[in-house]
Amino acid sequence: MNMQECIHYLEEEVGFASRPGLERIRLLCNKLGNPEKNLSVIHIAGTNGKGSAAAMLSSILTAAGYRTGTYTSPHLERYNERFLINGKEISDEDFCCEMTLAKQACEELKAEGKDVPTLFEIITGAAFHYFARQNVDVLVLEVGLGGTYDATNVVEKPLLSLIMSVSIDHTEFLGSSLEDIAKEKAGIIKKNCPVVLYSQGQIVYNIVKTYACEKDAPFFCPNDAEISVSSQTLEGTVFSVNSMLAAYRNICLPLLGSYQISNCVAVLAACTVLRRQGLSLPEEAVRKGLADARWAGRMEICGRRPLVILDGAHNADGISRLAESLSVYFQENKATLILGVLGDKEYRKMAEEILPFARTAILTEPESHRRLDVLTLSRSISGFSGEIYLEKNLENAYRKALSVTPEDGVVLACGSLYMVGALRSFIKSHSPYDLKRR
């Protein structure tokens with residue numbers, strides 16, 4: 001298959017349906033030679049922060065000299081983004097090769113009367129095969145959804161399980177309470193394999209610690225961390241941390257957002273535990289890796305004059321963390337907000353969190369069948385006192401934002417990863433001059 005045929009196979013023939021369970025991915029991996037058994041894995045779960053943690057850890061491991069694979073989801077613009085080795089995307093040729101092998105395996109399963117894997121399971125099986133074939137030293141593996149029944153959870157003995165911030169999201173799959181969701185995330189913990197938990201509330205802490213104890217898994221959490229921020233600007237953050245698991249002065253982190261400091265502290269704790277697992281991670285590699293870390297679509301600056309920021313915050317907790325960061329970076333300079341959300345999210349709560357930082361709101365719709373229509377979204381923000389524009393078409397919404405924002409102003413797009421990915425592609429393919437003059 002070529003690239004177009006691969007995408008058609010995944011999106012049209014297989015489709016986007018999600019079904020819990022590990023039986024299909026196990027059968028697929030078996031057809032592919034069980035490549036997941038030949039990989040040293042750092043497994044990362046969480047509602048928010050897991051992608052950023054994967055980016056930081058991968059950069060650190062690469063700086064330390066390891067051939068590092070990174071598997072994340074979803075992608076913003078291209079499926080290739082999900083498969084990285086030392087920060088470099090898989091080639092179209094290799095992606096097509098892996099998809100062709102996975103499709104053949106799926107056809108064999110179907111001929112045997114067995115269930116065909118889902119889109120995410122197919123990509124995950126192909127990723128395991130690719131990274132094993134490429135002989136990576138370590139695979140940083142991000143959970144797709146939840147943990148217990150996520151396709152990535154076929155890994156039996158990870159070097160480390162890292163659980164980032166846990167909050168309410170995907171309630172139709174994971175449960176409606178924080179307790180239910182925490183249990184799903186804790187499902188990645190394996191017997192005798194260490195687990196690091198991002199510092200968070202007592203409910204999640206107790207659940208994850210209990211799961212770790214039941215699995216005889218060494219449990220670590222940097223909840224004693226003392227953090228001192230030296231500077232926090234649009235050029236990056238400099239901070240120091242002191243805890244039993246991580247003590248560093250003047251860490252330089254280019255990833256924007258106050259929430260990235262807490263994410264980084266969890267990553268630093270993970271590095272300490274990984275050293276105990278036998279990995280060589282000198283301090284200079286940790287510092288260089290963090291200084292080089294990049295994560296697209298998360299408080300990413302994609303334009304100047306006006307400043308254009310894209311953020312993939314797509315649930316209430318993520319939007320709350322984004323709002324906290326905006327108060328640090330911009331203070332009185334309110335933004336032109338481009339907001340598009342999915343209908344199965346807590347969109348009212350999301351709007352309440354972010355609208356205080358907006359002077360103007362342009363409501364749009366993500367490119368997804370789950371999108372919330374602009375009229376429904378507008379009714380949920382009836383108390384907003386600024387100007388509101390409704391523009392279903394995302395590209396027109398962006399042009400409108402540029403036209404109503406002064407050069408010293410800020411345009412902020414958030415609410416959906418689908419929307420941020422599409423807008424990022426659009427911005428990259430057009431010059432600022434062309435966009436402004438239309």
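Two strands are taken to pair if DSSP finds at least two bridges between them. Helices (H or I, at least four residues) and strands (E, at least two) are DSSP runs, numbered from the N terminus. The model is predicted, so that local features need pLDDT of at least 70 and side-chain atom pairs count only at pLDDT 80 or more, while totals for chains, interfaces and linings use all residues. Residues are numbered from 1 along each chain as its sequence is written, and side-chain values use heavy atoms, with hydrogens and water left out.

An open sheet of six strands has the order S12-S13-S17-S14-S15-S16, with mixed pairing. S12 and S16 are the edge strands, each pairing on one side only. On average, neighbouring strands of this sheet are turned by 25 degrees against each other, direction ignored; axes here are lines fitted to C-alpha atoms, for helices over the stretch in contact, and angles run from 0 to 180 degrees between N-to-C directions. Within the sheet, strand S14 (residues 335–339) pairs with S15 in the parallel sense over five bridges, and Ile338 has Ile362 in S15 as its bridge partner. Strand S15 (residues 358–363) is in turn joined by four bridges to strand S16 (residues 387–390), and these two run parallel. Here Ala361 has Ile388 in S16 as its bridge partner. From S15 the chain crosses through helix H13 (residues 374–380) to S16 in a right-handed β-α-β crossover. Right-handed denotes that, with the strands pointing away from the viewer, the path from the first strand over the helix to the second runs clockwise.

Another open sheet, also of mixed pairing, is formed by eight strands in the order S4-S3-S2-S5-S1-S6-S7-S8. Its edges are S4 and strand S8 (219–220); each has a single partner strand, so one side of each is left without a neighbour in the sheet. Strand S1 (residues 41–45) and strand S5 (residues 138–142) run parallel and are joined by four bridges, with Ile42 opposite Val140 in S5.

Several backbone features lie in loops. Most residues other than glycine have a negative phi, and most peptide bonds are trans. The peptide bond from Ser73 to Pro74 is cis, with omega near -10 degrees, and Pro74 lies in the loop between S2 and strand S3 (83–85). A cis peptide bond also leads from Arg305 to Pro306, with omega near 0 degrees; Pro306 is placed in the loop between S12 and strand S13 (307–310). Asn86, a residue other than glycine, has a positive phi near 50 degrees and is found in the loop between S3 and strand S4 (88–89).

Salt bridges (a side-chain nitrogen of Lys or Arg within 4 Å of a carboxyl oxygen of Asp or Glu) number 19. In one of them, the side chains of Glu98 and Arg133 meet at 2.7 Å, N to O. This pair links distant parts of the chain, with Glu98 in helix H4 (residues 92–111) and Arg133 in helix H5 (residues 119–133), 35 residues apart.
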